[in-house]
Amino acid sequence: MDSRVSELFGGCCRPGGGPAMGGNLKARGAGGSSSCGGPKGKKKNGRNRGGKANNPPYLPPEAEDGNIEYKLKLVNPSQYRFEHLVTQMKWRLQEGRGEAVYQIGVEDNGLLVGLADEEMRASLKTLHRMAEKVGADITVLREREVDYDSDMPRKITEVLVRKVPDNQQFLDLRVAVLGNVDSGKSTLLGVLTQGELDNGRGRARLNLFRHLHEIQSGRTSSISFEILGFNSKGEVVNYSDSRTAEEICESSSKMITFIDLAGHHKYLHTTIFGLTSYCPDCALLLVSANTGIAGTTREHLGLALALKVPFFIVVSKVDLCAKTTVERTVRQLERVLKQPGCHKVPMLVTSEDDAVTAAQQFAQSPNVTPIFTLSSVSGESLDLLKVFLNILPPLTNSKEQEELMQQLTEFQVDEIYTVPEVGTVVGGTLSSGICREGDQLVVGPTDDGCFLELRVCSIQRNRSACRVLRAGQAATLALGDFDRALLRKGMVMVSPEMNPTICSVFEAEIVLLFHATTFRRGFQVTVHVGNVRQTAVVEKIHAKDKLRTGEKAVVRFRFLKHPEYLKVGAKLLFREGVTKGIGHVTDVQAITAGEAQASMGF
């Protein structure tokens, strides 16, 4: 991580921000840049306005892995060839965890050849038969004309193949929602999930608030979850057509789980916990068009960069501003994104073609940052955001998922509830392994360093029953009559075979992002490591006596209250007032339960 990201936490960034890292990437539809290329300028694949293209248009060569498949044509294949194509589609769907993108009219080396209308219709008919064979639906994303080396108009077609869900194995993406207070985060989520536009006075957000003081103040202070579904044909499924979350899950092939975080600086610790604990796939940074980058916007941007969470930006409330004001806010965002601490390539989305291109390039390149301008009141450009979310592929590949599933079970406890007639319920994320109903696990560490046995009675995912939970998925687990008083946030539920270790002292390699004076031994900070959040004291700074803003060092920390379960390599973020730093755990001093009791004074 570039130490200059500290500018986003501490002081104000200079308007110039240094040289631009790449130009402003702007998709141009049928005549623009390749939909599957990286942001750094593949050759143009559209029609040359001055006549025929001088150079053949290319996409990047087809990759063996991933969920993108090139096909020149699929006209009347033999039975043997058809079965081979179906097997190939199953592989691509597996790589995309239920989604695949087919480029028809493209050779394996990426050359955009195109097909005549009759051949294209025959190819799409074959693709539809293939999809039916594997239990999937197809949706045409866009068509583009190519005129290289041909007098006849030829087209390439981009098709989304999405598997119809079976046994609740829908694709689930978690999106953390960041932004300054009063930027319209909860209102936008209310509009997306309820299917009704806002009245300009915050009516759409009322269903999202969890506490009376949130309704009275209009400000989110806790973490809430909202879901938006897309069926196998790419149509939106939300509460406007379904009465319950279970109905949404049953009708959806893809689920977007929004994690609504607090925007006020007073609740920054809650926002940090949401980003570190709930493992979002990406983040949505909301910026109000009439105020621009204000309040905690810059700090939330810095958090996303520090934790390496990919993000896209939504400029809201465009109905309240003149067009020049919106353009000024977008230019301000572009300047910040191009600064040395960010190294991002902004991409303004103004059409459906832009939205498709943005979704694909966002998944392929961590540097691309799409920017949407919309209104939750008039509904302007709201459909572009829905197209983007519908097309957005999984940001982790299937191999990583399979490797995590082969490991022993580890579930992070983020929330604890008591439900009448059910008993104690914990919510969180399964970081590795597989969890089933009836599994015997151990939970801990308790305040005295012990792990306690328990049984998983039932599982719910997105508020509907689920029998099997896989690595990377979030869910709630019912624990029956297990005593809630023995649980706390930050614990883990693991397989007994794991023989988990605990620690009170650990070392981490850190970068001090911002501190007003010097960072010394004895300084106390709140440490966030995954779902762990606890005050720790600095015991030693190796090879140095003190640290200043931007400096790196290996630091030894000691937890003040109780031992925790930490893993080497885990990302770490610490804060205390305006002091902030990031890093990763390099060593943990494992201790037994007896040693934990002695060190904590039990």
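**Reading salt bridges and helix packing**

Modeller: Arg558 is partly exposed, its relative accessible area being 28%. Please keep in mind that this model is predicted.

Biologist: Which side chain meets that of Arg558 in a salt bridge?

Modeller: A salt bridge requires a side-chain nitrogen of Lys or Arg within 4 Å of a carboxyl oxygen of Asp or Glu. Here the partner of Arg558 is Glu539, at 2.5 Å from N to O. The two link distant parts of the chain, with Arg558 in strand β28 and Glu539 in strand β26, 19 residues apart. Glu539 is also partly exposed, at 24%.

Biologist: Is Glu415 buried or exposed?

Modeller: Buried means under 20% relative accessible area. Glu415 has 10% and is therefore buried. Glu415 forms a salt bridge with Lys489, with 3.9 Å between the closest N and O atoms. Because Glu415 lies in strand β13 and Lys489 in the loop between β21 and β22, the pair ties together parts 74 residues apart in sequence. Lys489 is partly exposed, at 40%.

Biologist: How many salt bridges are found in the whole structure?

Modeller: The search finds 19. Some residues are linked in a network of salt bridges: Arg142, Arg144, Glu158 and Asp353.

Biologist: At what angle do helices α9 and α10 pack?

Modeller: The angle is about 35°, and the axes lie 8 Å apart. The crossing of α9 past α10 is right-handed. Residues of α9, including Val356 and Phe362, meet Leu384, Val387, Phe388 and Ile391 of α10. By class, this contact has nine nonpolar residues, one charged and no polar.

Definitions and conventions: Residues are numbered from 1 along each chain as its sequence is written. This is a predicted model: local features need pLDDT of at least 70, side-chain atom pairs count only at pLDDT 80 or more; totals for chains, interfaces and linings use all residues. Side-chain values use heavy atoms; hydrogens and water are left out. Axes are lines fitted to C-alpha atoms, for helices over the stretch in contact, and angles run from 0 to 180 degrees between N-to-C directions. Helices (H or I, at least four residues) and strands (E, at least two) are DSSP runs, numbered from the N terminus. A crossing is left-handed if the near helix is turned anticlockwise from the far one by less than a right angle, and right-handed if clockwise. Contact means heavy atoms within 4.5 Å. Ala, Val, Leu, Ile, Met, Phe, Trp, Tyr, Cys and Pro count as nonpolar, Asp, Glu, Lys and Arg as charged, and the others, Gly among them, as polar. Buried means under 20% relative accessible area, exposed over 50%, partly exposed in between (1.4 Å probe, protein chains only).
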